[in-house]
Amino acid sequence: MQSKFKQGATQITRLGRKGCDAMEALGRAGVFLGQSAVGIPSREGWRLWLRQMHFVGVLSLAIVLVSGLFIGMVLALQGYTILVDFGAEQALGQMVALSLLRELAPVVAALLFAGRAGSALTAEIGLMKATEQLTSMEMIGVDPLRRVVAPRLWAGFVALPILTVGFSVVGIWGGYLVGVEWLGVFEGSYWSNMQASVSFINDVGNGMIKSLVFAVVVTWIAVFQGYDLVPTSEGISRATTRTVVYSSLAVLGLDFVLTAVMFGGL
Amino acid sequence: MKVNQPMTDVPFIEIEDLYFSRGEHDIFRGVNMTIPQGKVTAIMGPSGTGKTTLLKLIGGQLTPDRGRVLIDGQEVHSLSRKALFALRKRMGMLFQSGALFSDLDVFENVAFPLRVHTDLPDAMIRDLVLLKLQAVGLRGARKLTPAELSGGMARRVALARAVALDPELILYDEPFVGQDPISMGVLVQLIKRLNQALQLTSVVVSHDIKETLSIADYLYLIADGQVVAHGTPQTLDTNQDPRVSQFVHGEPDGPVPFHYPAESFYRDILGHA
Amino acid sequence: MKRSKTMEFGVGLFMLAGILGLVFLGLRVSGLSLSAPTDTFRLEANFANIGGLKPRARVTMAGVTVGRVEAIELDTDWYDARVILRLDSDLEGQLSQDTTAAILTAGLLGEQYIGLSVGGAPEMLEDGDTIRDTQSALVLEELIQQFVSNMASS
């Protein structure tokens, strides 16, 4: 009896310690974001940012566009079979565009971004930490938060919204290919129904806000995991996995919250 | 001989009553050291005694639990971030792994400190970098990336980078570890020559006895979180303290036991019967 | 150096593509027109029942979109719905005072919108005027109820 009680107490202590650790890590991550995101942009910083834009943006373009195309095509195909039962296949354009703009493009692009660019950022910064590059930079008198982290952070902030736009455009075009070219929905009604129902501010704008939020969260997680990891090869591989898992969960969870606020009438 | 009385030299680094622990594990318990200006001072000790940690404490990357570190009269751990970075411009550090920036080539690695801390025109940076690379014998390798260098070459490039800003102090973290005899010889010679040519204060952390003894003017031996002996190479060689003589002469068993603590072998084998 | 030039070019293209994509989403997908913001004027209309009419719904005339619903509010004087319309300024002073506004439905289940049809009175509607002659939305349930009670009485 006594020992059972003791065991329970230990469990509670352990839970408490886990909670404290988690809060501490969150605090560290917050300070980290604050310290690295604020910096005076210099010519050198611009050049570094450009390099990272290439790395996280341009190199992620292919996977994002191809996925967007397929998702648009699938949406049109699935939507058509449902809408045709109601004689409403004219609304296909509306359905494809709204699903993409409000939901699928921000979320799927963010998930792909976490897998493609996020994990690479974690691994890269982690490797720099493990090989003492960050320490030696500090010893040279250069702040690695400014030099290494900040350009990556800002590149991520800018790149993901652009990728999301690309995803939407290609997806809508994919829906057009399947719906109009293949299934024979009237081209005029594909576009006009879309235009009548899509609002630039409410649909495109809110989708962009979502993707901006996701960009901040995913890049932040990726860069922080890289900076904060245990500098061994095992630590790097664990941190890379954590980046993908945490950012996927964060994206999906935040998506619900944002959707509730934006479209749920809260 | 002047070399035999380092305490009369001007101290450049003073470490006073330094305590540091990592988690439950005490690493330093009251370390006192004086490192004279313009000399090569070696800090030696068995693996795991926190020699690298000591360098990080000197460089201000770690903060001690107690005690203080003075560099040229400035207390490292009470400096503002900006002042600390300014102080670091006056020191160079050679890391165990070289720690070259993997996204820059050899030339840009050496040019890095110059580009960040000076406004020199490109042509002058080029001349300076080639001068430093020439000094370590790698002027021809300037276009290579760090991945294409051997371990010894990487360390020499890192050395060129560490002295790029002509620092007053240079910290060497295990410069001889994992080097073949040739590159070891090259590094020993380079450290000696740089120290003489640039009037540097050098701190070498190492456990390679022979090489370190050949370049050091003064030695500190640390074990169990404290300085157990210090003196010139000659005095340490004849020191009677068993901890010192075990380390200096490389005896396999002694105060640092060969066996990891365990219950008696006899009982471990037969005890479960 | 050459490599960094092509990289810069690539990033430039990437960002340009992003901007063009956003323009596409604006023009082609949400149907914003480049000639916007066109001048508009404001009319009000009171309806007994607006059904499923929503802000931003189209306002048409002979099937041509001439404006949008700006806001819908409850008029507490009469307890009916006051709908505020924004119409192209070309029509300012062109609509007679007996213009009727009706809430129509696109198809059986489609969106509801407002249809205007011009009358013959000599005075014209100006900015801020109210359309008197309105026709409420057809509510399907009411229609069915009417039909059923007619059947019963006949």
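Modeller: Let us begin with one pair: the side chains of Arg88(B) and Glu138(A) meet in a salt bridge, with 3.8 Å from N to O. This is a predicted model, in which local features need pLDDT of at least 70 and side-chain atom pairs count only at pLDDT 80 or more, while totals for chains, interfaces and linings use all residues; side-chain values use heavy atoms, with hydrogens and water left out. Residues are numbered from 1 along each chain as its sequence is written, and chains are lettered from A and ligands numbered from 1 in the order in which they are written.

Biologist: How do you know which pairs of chains touch?

Modeller: Contact means heavy atoms within 4.5 Å. Two pairs of chains touch, and the most contacts are between chains A and C. No contact joins chain B and chain C, whose closest C-alpha atoms lie 13 Å apart. Between chains A and C, the contact takes 28 residues from chain A and 19 residues from chain C. Between chains B and A, the contact takes 24 residues from chain B and 14 residues from chain A.

Biologist: What area is buried between chain A and chain C, and what is it between chain B and chain A?

Modeller: The size of an interface is often given as the accessible area lost when the parts come together. Buried area is that loss (1.4 Å probe), summed over both parts. Between chain A and chain C it is about 2,200 Å², of which carbon and sulfur atoms give 78%, and the count of salt bridges there is zero. Between chain B and chain A it is about 1,800 Å², with 58% from carbon and sulfur atoms. Phe85(B), Phe101(B) and Phe112(B) supply 27% of the area that chain B buries against chain A, more than any other three residues.

Biologist: How many cavities does the rule count, and what makes a space a cavity and not a pocket?

Modeller: On a 1 Å grid over the protein atoms alone, a cavity is a set of points where a 1.4 Å probe fits but cannot get out, whereas a pocket is an open set with protein on both sides within 12 Å along at least five of seven lines; lining residues have an atom within 4 Å of a point. Points are joined across faces, edges and corners, and a volume is the space filled by probe spheres set on them. The count comes to five cavities of 30 Å³ or more. Of its 14 lining residues, the closest to its centre are Leu48(A), Arg147(A), Val148(A), Arg152(A) and Asp103(B).

Biologist: How do the residues of that lining divide?

Modeller: Ala, Val, Leu, Ile, Met, Phe, Trp, Tyr, Cys and Pro count as nonpolar, Asp, Glu, Lys and Arg as charged, and the others, Gly among them, as polar. By this rule the lining of the largest cavity has eight nonpolar, one polar and five charged residues.

Biologist: What is the volume of the largest pocket, in turn?

Modeller: The largest pocket has a volume of about 2,100 Å³. It is lined by 50 residues, and Glu44(A), Gly45(A), Arg47(A), Leu48(A) and Arg147(A) are the closest to its centre. Helix 2 of chain A gives the most to this lining, with nine residues. The lining divides into 21 nonpolar, ten polar and 19 charged residues.

How values were computed:
Buried area is the accessible area (1.4 Å probe) that two parts lose on being put together, summed over both. A salt bridge is a side-chain nitrogen of Lys or Arg within 4 Å of a carboxyl oxygen of Asp or Glu. Helices (H or I, at least four residues) and strands (E, at least two) are DSSP runs, numbered from the N terminus.
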